[in-house]
Each structure stands twice: as structure tokens, then as C-alpha cells.
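Colleague: I'm new to this one. Can you put it up and walk me through it?

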Amino acid sequence: MVKADAVFVNGKIWTGDPARPWAHALSVAFGRVAALGDDALQLPAAQTVDLSGRTVVPGFYDAHHHLALRGQRLAALDLGFHAAPSRERLLEVIAGHARILPEDSWVRGGGFDQNKIGGFPTREEFDTAAGGRPVWITHVSEHMAVASTSAMHRVGVTDLANPPTMTGGLIEVGEDGLATGLFLENAKKWFDSRLKPYPVSDIITSLETGSRIALTEGITSVADPGIGATNGIGMGPADLHAYQRAREQQRLHVRVTAMPYLTATHGIEHFEPGSDGWGLDLGLRSGFGDEHLSIGAVKVLSDGSLIGRSAALTCDYHDHADDGMLLFDPEELGATLSSLHRSGWQLAVHAIGDRAVEHAVEHLRRAQQSHPRRVLPRHRIEHCGMASDESVRRIAELGIIPVPQGRFLTELGDGFIDVLGTERADRLVYRMKSFLDAGVELPGSSDTPVVEAHPMKGIHDMVNRRTADGQPIGLHEGVTVEQAFRAYTYGSAYASHQEHIKGRLMPGLLADMAVLGANPFAAKPAELGDIAVRATVLGGEVVFGAESLG
Ligand SMILES: [Zn+2]
């Protein structure tokens, strides 16, 4: 006789399906939703989970989430004053941490202030503390760092009496005529760029750490933008190998859509008779993989950031006579994007300033026009930080998906207002309701570790739109609680062509769920961000918070 694997009862289950938005029970078979409501109680089930009246939503899908990078940051040691109030204590913490790491692993951390702990630690002290493992510890200001001897060797600083010189930076030499291990300003960047690729074992550890934390936030899927990138967001050229290995070792705890960075792709001769293409070898492209790990859109950065005043604007910055910059020659980038489009890729262009967004829209329009595809490619504009009414209209018309970050408004919003002025920030920044009104399917995302990842914080900010200082920022672009939840579930699945397998709780779709501590649909808008995730269910299995469920 057919048996359900599990049945979840006594819940307030928000399915995300407009035809049947609520159910009190849900049964699972083979990792998928088998039935809802009374139907779910018909089949005998191997396990019964009592939801005790709690609200359940489809598992959150963060559409822009740097999983490995976040894991790496989380795994880095906190060496702030509270954690390491003296130099001796700092070395003890490093030693304790190093002992649990593989022999060749980097020991990374940051937050020390030499003024408070009695001076800078040295290269030799790190050598001893970490048992020869490479150590790289950044200062609280992030403007300097101290390396161990083996770390310096790894990045090519082998002649300690004559360390390399660079403009805007310094590798300090001590009284004994040898490098002390202290790297200042640009010397730090010089070091960072040579740190990669990280060992695969380190990347797997980062993925495991990042995905475990994600589960505690109710996140069951992420799209990870920029794997294989050499510019800071990727870990190394074999990123996908590390993801696959992590998955095989059952250490990749959320579903991942890995988005290769542009530099990981290349021209492919004779892609088709008479024409060349662009992409990965074998014609591997967006959509390949399975429901746990797949290849998503190819990502490219077309401009910088607002806070860094490097996002490309149509007018100068408010506090600076400059309009930012595009990172590529538009003709060249447009041609590459068209080749990728023609070779079957979904595209994801990072564009933040309104000028960059205009260029991105035009690139995507040309690509679609030069080679119409039968199925809408759903090309994406990552962030889409500033959009004019005209850009909103064109984005809707072309079926492009903007991928904005609600959390940016709180954590970075005061900075947006400083660099753009109140009027422009209010009118153009991170538009959401306008896109919905224009018929665009909006995803939910965080860009963590740039800001906090917790989807309830993101949802709070999509609804409330206040900066950390409490300034309103485009209140007219606020969305409803239901629209924000749809974004973080169905919308993100849609943005990766996956809405047929997840994003709603309907028979046949993956049984991925987040169990909440309160009902967000009945909560005060200001309190949305305080709603906890009590448990997370992936493929019908309670993978976080089992102890809080009956
Ligand atoms: Zn990002």
C-alpha cells in the first residue's frame, strides 16, 4: 500500500497558490507535496509532525546569495576586542582554531586593534600559533592585515629581506631587516588577489557553513551569483567542482543554482554549423543539473556600487562631481551577451546606477531581437538599483527580471541618500511596487554577505522601506506582505526558471517549507523582521529545528 513519508498537521500553511492559499495539513511523498488539507490526512504516513497552529510558508529562495563567500566570512575568526582582549589571547584563539582545521587550510580572521591589545602580532607568532598553516588576520579597519610566513610564501613573498613594493601600499620591514608580516593599504589588496584559488576543501567547508546558517533562516534555495569569478566574488576556477563535491558529501544543505561569472565562459568555435558561440565547454549552460544543484544564468558586473560612488549614473552624484563608471566597453559587452544569449544562456547583468540599467536593458533587448527564443529567456538585471519610469516600462515589456535587495534599504539606505540626494533616492532607488504594477515577476534576495540574509528582514524592508536612521526611502515603492512573500518564494523560483518544481506548496512540487514563530499576515508591518524561523523542511525532511516541532 502507498504510504506518505510524512504528514504535517495542525498548521496554518500558506501555499502561495492563489487558487488555494491556505491549508491545515500537508503530506509528503518522495520529497514532494503529495496532498493538502483533508486529502493529506487520507493516506497513512510514516511520520506525523504537529505544527501546533504555526504558520508555514514555502521555503525561502534567496535569488542573489553568495553562499561560499558568506560561509567563508562566517568561518573566519572573530578577533575583535571582546573575543581577544590581549595579544596573548589573540594567539591562543588562533591556535585553538587552527588545531581543528586541515593541515593546508588557511586561518582567517579579523577585527584586532593593535592600540588596544599592546601592539601588532608578528609573522613568527602566527607561525607558531597555527602550526605552520597560512594565517591572514585583518585589522579592525580592514586597511591592514598581518600574515604568517607560510601565508607570505603562498602569495609569492619569499624574499623576506626584499619584499615587493607597490604604489599606495607597503609590506613593513622590521629592525632585523626582514618583513614583519604587516601589510598596509594596497599591499593588502595585492595579497588578497593572490590568495586564490582556495583549496577545494576550504570551499566545501565554506559551502557547508553557509548552507547550515541559511537553513536556520528558513532558506531552502539560493542562486549564487558569480562562481568561478576571479574578481573577488568567486573562490576559484573549479568552483562548480567544489559545489558538486560538497553535494556528494552531503554538505551542501540547501538547493543551489550556481551562476557562473562571465570570465569563466569563453568563445566556442563551430558551436553550430556556420556560427560560433559563447559559454562553457560541451555547450553546458543555464538549466543543466538537477533539483539540488544546477547551473543558472551567467553573471557579469556592468558597474560598481552606489556607496562606492562607482555605479554608473545618468547625472552626477549629489555629493561629488562625477557620474560613476561602466566596467566594460558597451559595444564589447553587448556583443558577448548576444553570443551567450544565442548559445542558450540566461543572462544576469549586475547594474545599479540608472545609466548602467539603461545599458543593460538595451543589451538584453538587442540580444533578444537578434535571436528570438521560443521560450522567454527571463534575463535578469541584478540589483537594478535605480530605474527611471522608462526603464521600468521597457523591463516589463521585454520580460526582464529585476533582482533588487530589500535589505539594502535599511543597511545601506542612508548612504544612498547621501550620495544621490533625498529626491533622487526617493524616486529611483530599488523600485519594487512599480515593477509589480507593470506586471513584472519580482524575486526576493539579499546579496549576503553584503547585508544580512534573513528573509524576514528582507521582507520587512520590502514592506516598510526605512533606512537604519529611520528615514523613509521611496515609501510609494513598498509592497504588501503577500507580495513580499511571493517574491521570496515563487518570484525567485521564476527568476531561475524553476517555478514548476518549487516556490509554492502544491501537489507535485518540492516539499520545502519554513515554519515561522508568528503569522506574518496578521503581524504589524514594523514587527515583520522580528518573526523567527522555528524550523525548516527540505524535501519533506525537517532539517532544522526538529526539536521545536511535535
Ligand atoms: Zn552580489
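Predicted model: local features only at pLDDT ≥ 70, side-chain atom pairs only at ≥ 80, totals over all residues.

Colleague: Where is the place of Gln244?

Modeller: Gln244 is in helix α8, residues 239-248. Helices (H or I, at least four residues) and strands (E, at least two) are DSSP runs, numbered from the N terminus. The C-alpha atoms of Gln244 and Ser294 are separated by 9.6 Å, with the two 50 residues apart along the chain.

Colleague: Zooming out, how many helices and strands does the protein chain have?

Modeller: The protein chain has 17 helices and 26 strands. Its radius of gyration is 24 Å, close to the 24 Å that the globule rule gives for 550 residues, so the chain is as compact as a globular protein of that length. That radius is taken over C-alpha atoms, and the rule is 2.2 Å times the number of residues to the power 0.38. Of the 550 residues, 51% count as buried.

Colleague: Which domains does the assignment give?

Modeller: Domain 1 is 6-59 + 506-548, domain 2 is 73-194 and domain 3 is 265-495. Those bounds come from an automatic or database domain assignment. The C-alpha centres of domain 1 and domain 2 lie 47 Å apart.

Colleague: How many residues has the largest nonpolar core?

Modeller: The largest nonpolar core has 128 residues, and those with the most contacts inside it are Leu26, Leu207, Val298, Leu347, Val357 and Phe416. Such a core is a set of buried Ala, Val, Leu, Ile, Met, Phe, Trp, Tyr and Cys residues joined through C-beta atoms within 7 Å. Helix α17 (481-495) gives the most to this core, with eight residues. The core draws at least three residues from each of domain 1 and domain 3.

Colleague: What does Phe416 touch?

Modeller: Leu306, Ala425, Val429 and Ile473, leaving out residues up to four places away in sequence. A contact needs C-beta atoms, placed from the backbone, within 7 Å. Phe416 is one of the buried residues of helix α13 (413-420). What covers the buried residues of α13 includes α12 (406-411) and α14 (422-428). Just after α13, Gly421 has a positive phi of about 85°.

Colleague: Now sheets. In what order do the strands of the open four-stranded one come?

Modeller: The order is β20-β21-β22-β23, with parallel pairing. β20 (298-301) and β23 (401-403) stand at the edges with a single partner strand each, so one side of each has no neighbour in the sheet. Two strands pair if DSSP finds at least two bridges between them. Four bridges join β21 (347-351) to β22 (380-383), and His350 has Glu382 in β22 as its bridge partner.

Colleague: And in which sense do β17 and β18 pair, parallel or antiparallel?

Modeller: Antiparallel: β17 (266-272) and β18 (275-279) pair over four bridges. Gly267 stands opposite Trp278 in β18. The two strands form a hairpin with two residues between them, and Gly274 in the turn has a positive phi of about 85°.

Note on methods:
Residues numbered from 1 in each chain as written. Buried ≥ 20, exposed ≤ 12 C-beta atoms within 10 Å, placed from the backbone. Contact = placed C-beta atoms within 7 Å.
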